[in-house]
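This briefing is intended for reading alongside the sequence and the three-dimensional structure. Please keep both in view while working through the points.

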Protein chains: 2
Amino acid sequence: MARVYNFSAGPSALPESVLKIAQQEMLEYGDSGMSVMEMSHRSKVYESIINACEEKLRKVMNIPDNYKVLFLQGGASSQFAMIPLNLLNKTNKADIVLTGVWAKKAYKEASKYGEMNVIASSEDKTFSYIPELDESKFNKDADYFYICSNNTIYGTRFKNFPETGNVPLIADMSSEILSRKIDVSKFGVIFAGAQKNMGPAGLTVCIIREDLIGNAMDITPTMFDYKTHSENGSMFNTPPTYAIYICKLMLDWLDEMGGIDAMEKINEEKAATLYNFLDNSKMFSATVEGDSRSIMNIPFVTGNEELDKKFIAEATKAGFVNLKGHRSVGGMRASIYNAMPLEGVKKLVEFMAEFEKNN
Amino acid sequence: MARVYNFSAGPSALPESVLKIAQQEMLEYGDSGMSVMEMSHRSKVYESIINACEEKLRKVMNIPDNYKVLFLQGGASSQFAMIPLNLLNKTNKADIVLTGVWAKKAYKEASKYGEMNVIASSEDKTFSYIPELDESKFNKDADYFYICSNNTIYGTRFKNFPETGNVPLIADMSSEILSRKIDVSKFGVIFAGAQKNMGPAGLTVCIIREDLIGNAMDITPTMFDYKTHSENGSMFNTPPTYAIYICKLMLDWLDEMGGIDAMEKINEEKAATLYNFLDNSKMFSATVEGDSRSIMNIPFVTGNEELDKKFIAEATKAGFVNLKGHRSVGGMRASIYNAMPLEGVKKLVEFMAEFEKNN
C-alpha cells in the first residue's frame with residue numbers, strides 16, 4: 001500500500017524527505033564508502049555528523065552558550081532517575097506538578113532519592129486539564145521544580161510555564177520539543193525522547209545548564225551522571241550513532257521549513273483545524289478544554305464506544321492509522337507532530353465529517 | 001567511491017545484504033504503509049519484529065528457556081552498573097579478572113556498590129594476554145564472577161571460560177557474541193553492545209538467567225533494574241525500535257549463513273589467514289600470542305611508528321579502512337567481525353604482502 005497518514009503518539013511519522021535521504025545514503029554516506037551505521041563514532045566523518053546535529057539544534061532552539069547539549073540513551077524514563085540523582089544536592093527536596101502518568105512516574109522515581117512536594121495535580125479528572133498553580137506553595141529552597149510540559153496521553157500542555165525564580169525549572173518535553181518557541185534560558189534542564197519530533201527511538205536529547213552538572217550523589221551510576229557525558233561530548237561510550245544522524249536530518253528539515261517560528265504557525269493551524277471541527281461537531285468532541293489543549297496530541301470521543309471502534313476501523317482502512325486513544329482515556333487521539341503535514345489533518349477532518357454524515 | 005573494507009572496532013561493518021533490505025524497506029515495511037522507524041512499538045507489526053528478533057537469537061545461540069532475552073539501551077557501560085546493582089545481593093562481594101580497559105571500568109563501577117576481588121590481571125603487559133586463573137583463589141561465596149570474554153582493544157579472548165561452580169559467571173561479550181559457539185547455560189548473564197556483531201549502536205542485548213532477576217538494591221534506578229525490563233518484555237518504555245529491527249536482519253543473515261557453527265568456521269579461517277601471514281612476515285607481527293589470541297580483533301605492528309603510519313595511509317587509500325590501532329597499543333588493528341567476508345581478509349593480506357615487498 002502507499003504511505004499512510006500516521007497519527008501514532010510515538011514512535012511517530014517522519015518526513016518522507018528525511019526517510020528518502022536516509023534511504024539514499026544507507027549503503028554509502030557521502031564518499032565514506034560505508035553506511036552511517038558502520039562508522040566508528042570516533043571517526044572524522046561521524047564527528048562531523050554529531051557536531052552538525054548539535055549545532056543545528058542550538059540554532060533552531062536558540063540555546064544559550066551556558067547550556068550543554070547531551071545525546072543520551074534510555075528515554076525519559078532514565079531521566080526520571082538522572083534528574084534527582086544529579087540535582088537533589090542541596091536541600092534534597094523538589095517541587096513537582098502531576099499532569100499525567102509520565103509526571104507521576106517521574107515523581108515516584110525521584111521520591112526514592114529525596115522529598116518531592118506535589119504543588120498541584122489534575123488526577124481528579126483523569127489529567128484532562130493543566131491545574132492552576134499557586135505560587136505561594138512553591139518551595140523557595142527546592143533543588144528543582146519539575147513539570148511534564150506536554151502530556152501525550154491526555155492531550156494537555158502548559159501554555160505558560162511556572163515562574164520558579166532561582167529554582168531550576170526542569171521540563172520533560174518529549175512530545176512537544178521543537179513544536180513551539182521556547183525560551184531555553186528559563187529552564188534548568190529540558191529533555192526529550194527523540195521518537196516524536198526529533199527522530200527514531202533510542203535517542204534522548206538533554207539540554208542542561210552547565211552549573212547543574214557535577215554534583216551527582218555518590219550512588220549515581222557513571223552512565224547516569226550528566227558530568228560523564230558532558231565531559232566527553234556525549235562520547236563516553238558509543239552513542240546511538242544512527243539515531244543521532246536521523247535527528248540531524250530532522251533538524252535540517254525543520255530549518256529548511258523555516259525553523260521553529262514557521263513550524264509553530266503550521267502546528268497552530270493544524271491544531272485549530274482539528275479543534276474547530278471537534279467544537280462544531282455533533283458526533284465528536286475534544287476531551288480537553290481551553291488553554292490546557294495540546295497542539296501535538298488531540299484526544300477526542302464520540303461518547304459511544306461502539307461508534308469509536310467503527311470510526312477507528314474505517315479510518316484505518318482509509319489510510320488514517322494509529323488513531324486509537326490511550327486505554328486510560330479511551331476514544332481516539334490524533335498525534336500531529338511536526339512531521340504531520342497540514343494536508344493530513346485537513347483530510348482527516350474531511351473523513352470525520354463524512355463519517356459523521358453517514359452515521 | 002565504492003564500499004570499502006571496513007575494519008572498524010565498532011560500530012563496524014554490516015553485511016551489504018542487510019543494508020540493502022533496510023534500504024528497500026526504509027519508506028515502507030511490508031504493507032504497513034510506514035518505515036519501521038515510524039511504528040508504534042506497541043503495534044502488532046512492530047511486535048512481530050521484536051518477537052522474531054528474540055526468537056532468532058534464541059535459535060542461533062540455543063538459549064535455554066530459563067533465560068530471559070532483554071533489549072536494553074546504554075551500552076556495556078550501563079551494564080557495568082546494572083550487574084552489581086542487581087546481583088550484589090547476598091554477600092555483596094564478587095570476583096573479577098582484569099583483561100583490559102573495559103574490565104577495569106566494570107571493576108571500578110562495581111566497586112562503588114560492593115567488594116570486588118581481583119582474581120588475576122594482565123595489566124603488567126598492557127593486557128596482551130589472558131592470565132592463568134588459580135581456581136583456589138575463587139571466592140565460593142561471591143555473588144558473581146565477572147569477565148570480559150573478548151578484549152577489543154588488545155585482541156585477546158578467553159579461549160575457555162573459568163569454571164565457577166555455583167557462582168554465576170557474567171560475561172561482557174560485546175565484541176565476540178555470535179562469533180563462536182557458546183554454552184549459554186554456563187553463564188549467569190551474557191551481555192553485548194550490538195554495534196559489533198549484532199547491528200547498530202544504541203542497542204544492548206542482555207541474556208540473563210531468570211533466578212538472577214528481582215533482587216536489585218533499593219537505590220537501583222527503575223531503568224537499571226533487570227526486573228523492569230523482564231516483566232515488560234523490554235517494553236517498559238520505548239525500546240530502540242530501529243536498532244532491534246536491524247539486529248533481526250543481522251540474525252536472519254547469520255541464520256542463512258548456516259548459524260554460529262558455520263560462522264565460527266569462517267571466523268577461524270579469517271583469523272588464521274591473518275595470523276599465519278603475521279607469523280611469517282618479516283615486517284609485521286601480531287601483538288598477542290597463542291591461546292590468548294582473539295579471532296575478532298587482531299592487533300599488529302611493524303615495530304616502526306613511521307612505517308605503521310605509512311602502512312595505514314596506503315591501506316586507507318586502497319580501500320582497507322579503520323586499521324589504526326587503539327592509542328594504548330599503537331600500530332594497527334584489524335577487527336574482523338562476522339560481517340567481514342573472508343575475501344576482505346585475503347585481500348588485506350595480499351595488500352600487506354605487497355607493502356612488505358615494497359618497503
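The notes below cover the relation of the chains, their interface, the sheet, the helix packing and the backbone. The model is predicted. Chain B superposes on chain A by a rotation of 180° with 0.0 Å of shift along the axis, at an RMSD of 0.0 Å. This is therefore the relation of a two-fold axis.

**Symmetry and interface**

- Among the residues of chain B, B:Gln23 comes closest to the rotation axis, with its C-alpha at 2.5 Å.
- Both copies use the same surface, since 100% of the contact residues of chain B recur in chain A.
- The contact involves 55 residues of chain B and 55 residues of chain A.
- On the side of chain B that touches chain A, the elements giving two or more residues are α1 (16–24), α3 (75–87) and α6 of chain B.
- By class, the residues on this side of chain B comprise 26 nonpolar, 23 polar and six charged.

**The sheet of chain B**

- An open sheet of seven strands is formed in chain B, in the order β2-β10-β9-β8-β5-β3-β4, and its pairing is mixed.
- At the edges stand β2 (67–72) and β4 (115–121) of chain B, each of which pairs on one side only.
- Direction ignored, neighbouring strands of this sheet are turned against each other by 15° on average.
- Within chain B, strand β8 (residues 169–172) runs parallel to strand β9 (residues 189–193), and three bridges join the two.
- B:Asp172 has B:Phe191 in β9(B) as its bridge partner.

**Helix packing in chain B: α2 with α6**

- Two packed helices are described by the angle between their axes and the distance between the axes.
- In chain B, helix α2 (residues 44–61) packs with helix α6 (residues 241–256) at an angle of about 40°, and their axes are 9 Å apart.
- At that angle, α2(B) is oblique to α6(B).
- The crossing in which α2(B) passes α6(B) is left-handed.
- From α2(B), the residues in this contact include B:Tyr46, B:Ile49, B:Ile50, B:Cys53 and B:Leu57.
- On the side of α6(B), they include B:Ile244, B:Tyr245, B:Cys247, B:Lys248 and B:Leu251.
- The residues of the contact of α2(B) with α6(B) are twelve nonpolar, one polar and five charged.

**Helix packing in chain A: α1 with α6**

- Helix α1 (residues 16–24) and helix α6 (residues 241–256) of chain A pack at an angle of about 135°, with 10 Å between their axes.
- α1(A) and α6(A) are therefore oblique to each other.
- In passing α6(A), α1(A) makes a right-handed crossing.
- A:Ser17, A:Val18, A:Ile21 and A:Ala22 of α1(A) make the contact with A:Ile246, A:Leu249, A:Met250 and A:Trp253 of α6(A).

**Backbone features**

- Most residues other than glycine have a negative phi, and most peptide bonds are trans.
- In chain A, the peptide bond joining A:Gly10 and A:Pro11 is cis, with omega about -15°.
- A:Pro11 is located in the loop between β1 (5–6) and α1 of chain A.
- In chain B, the peptide bond from B:Gly10 to B:Pro11 is cis, and its omega is near -10°.
- B:Pro11 is located in the loop between β1 (5–6) and α1 of chain B.
- B:Asn62 is not a glycine, yet it has a positive phi of about 50°.
- The loop between α2 and β2 of chain B holds B:Asn62.

Technical notes
Residues are numbered from 1 along each chain as its sequence is written. Chains are lettered from A and ligands numbered from 1 in the order in which they are written. This is a predicted model: local features need pLDDT of at least 70, side-chain atom pairs count only at pLDDT 80 or more; totals for chains, interfaces and linings use all residues. Axes are lines fitted to C-alpha atoms, for helices over the stretch in contact, and angles run from 0 to 180 degrees between N-to-C directions. Helices (H or I, at least four residues) and strands (E, at least two) are DSSP runs, numbered from the N terminus. Angles under 35 degrees count as roughly parallel, over 145 as roughly antiparallel, 65 to 115 as roughly perpendicular and the rest as oblique. A crossing is left-handed if the near helix is turned anticlockwise from the far one by less than a right angle, and right-handed if clockwise. Two residues are in contact if their C-beta atoms, placed from the backbone, lie within 7 Å. Ala, Val, Leu, Ile, Met, Phe, Trp, Tyr, Cys and Pro count as nonpolar, Asp, Glu, Lys and Arg as charged, and the others, Gly among them, as polar. Copies are superposed by least squares on the C-alpha atoms of residues with pLDDT of at least 70 in both. Two strands pair if DSSP finds at least two bridges between them.
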